[in-house]
Structures are given as C-alpha cells and as structure tokens.
Amino acid sequence: MKDARVAGLLLAAGEGARLGRPKALVEYAGERLVDRGVRLLAEGGCHPVVVVLGAATVQVRGAVTVRNPDWSSGMGSSLRAGLAALPEQAEAVVVALVDQPLIGPGAVRALIGSGAELAVATYGGRRRNPVLIGRAHFAGVAELAVGDVGARPYLKAHPELVTEVPCDEHGDPADIDTPADLDRLLPRA
C-alpha cells in the first residue's frame with residue numbers, strides 16, 4: 001500500500017456500558033477519545049478519516065462522521081457502516097478503535113509502510129489494533145463482521161495474507177473498558 005490513498009476509520013459508536021458513558025466522549029489527558037483517535041489516524045498518514053458514531057452524536061473536527069443506526073448490535077455493524085462510507089479513491093483503510101489512547105501515529109505509519117494488503121499491528125508478539133485492510137478485502141471483511149467482532153474472523157480465515165507489523169515502539173494497545181481502566185491509564189497520558 002506504499003504511496004496509496006489510505007483512509008482512516010475510527011470505530012466510536014459504542015455506549016461504553018461497563019464504563020458508564022460512550023467512550024467517544026471520554027476525556028483523556030484533556031482531549032476526547034474520539035479526537036485522539038482522529039489525530040492518531042491523520043498524523044499516521046490517513047486521509048480522509050471517517051468516524052463511525054452511534055450511542056453518542058458529537059461534532060468531530062477533521063473527520064467525516066457516519067452514524068450507525070444499528071450500533072447496539074456490536075462492532076461488526078460499525079465496521080460495515082464505515083467501510084461502506086469510504087470514498088472510492090481509498091485503496092486501503094487503517095481501522096482503529098476509539099478506546100486505545102496510548103497507540104501512537106507511528107503504528108499507523110508502520111502499517112501503511114508495510115506495503116501489505118492486510119496488516120495487523122502486534123505488541124509483544126500479540127495481534128491487536130490498528131489493522132490495515134486493502135480494498136480487495138473490504139467485502140470479505142464486511143461479510144464476516146457480525147455481532148461484536150470486527151476484522152478478526154476474516155484475518156483468521158486468511159492467515160497466509162496477513163502481515164504482522166511489530167508496533168511495540170509505537171505505543172501500547174491497552175484499552176479503556178471500565179472506570180478502573182481509565183484510572184489505570186491516566187498516569188500514562
């Protein structure tokens with residue numbers, strides 16, 4: 001995907017049931033998680049950045065927002081809505097999750113720079129987010145993104161196509177699911 005047009009897709013539609021509020025609205029180090037996610041993708045080299053919203057409707061600067069009316073069914077519907085909203089010129093997309101504030105733009109640049117059609121960031125040898133998906137795989141990813149799963153089933157079904165990109169030096173994939181997670185990550189802001 002080197003020198004290709006790579007869009008960014010931030011999944012931010014959930015209600016944050018265990019957190020007690022939509023994650024998109026959570027402030028982390030003086031910035032909403034949704035704004036951090038948009039900045040991550042933009043600084044990583046993605047254009048445009050599309051944000052999928054659902055439980056909360058917010059204004060997001062520097063991004064195109066898409067509302068997922070089926071957000072309560074899980075991440076799969078948000079991924080499908082986001083992929084469908086990408087411009088035709090996008091040859092690939094980097095998909096990130098709103099609740100991982102410690103991932104840096106270097107991870108996005110590493111995925112794009114890998115030249116792969118399917119790439120997943122790894123930390124400590126474990127596959128996490130973000131992921132890069134080439135346009136040829138959009139339909140297959142969308143077909144298997146059901147319930148509360150995103151691209152993982154497609155990546156597992158096609159291991160020979162997936163490039164793992166070590167991103168340990170570009171951040172930490174820790175996520176915020178509960179108030180305790182937020183308290184634990186705040187000192188690392």
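**Cis prolines and a helix pair**

Pro-48 sits in the loop that links helix 1 to strand 4 (49-53); helices (H or I, at least four residues) and strands (E, at least two) are DSSP runs, numbered from the N terminus. The peptide bond leading from His-47 into Pro-48 is cis, and its omega is near -5 degrees. This is a predicted model, where local features need pLDDT of at least 70, side-chain atom pairs count only at pLDDT 80 or more, and totals for chains, interfaces and linings use all residues. Residues are numbered from 1 along each chain as its sequence is written, and side-chain values use heavy atoms, with hydrogens and water left out.

Another cis bond runs from Asn-129 to Pro-130, with omega near 0 degrees. Pro-130 belongs to strand 8 (residues 126-134). Ala-29 lies in the loop between strand 2 (27-28) and strand 3 (31-32).

Now for the helices. The axes of helix 1 (residues 33-43) and helix 3 (residues 105-113) come within 7 Å and cross at roughly 40 degrees; axes are lines fitted to C-alpha atoms, for helices over the stretch in contact, and angles run from 0 to 180 degrees between N-to-C directions. Helix 1 is therefore oblique to helix 3, the label for angles that are not under 35 degrees (roughly parallel), over 145 (roughly antiparallel) or 65 to 115 (roughly perpendicular). On the helix 1 side, Leu-40, Leu-41 and Glu-43 meet Pro-105, Val-108 and Arg-109 of helix 3, contact meaning heavy atoms within 4.5 Å.
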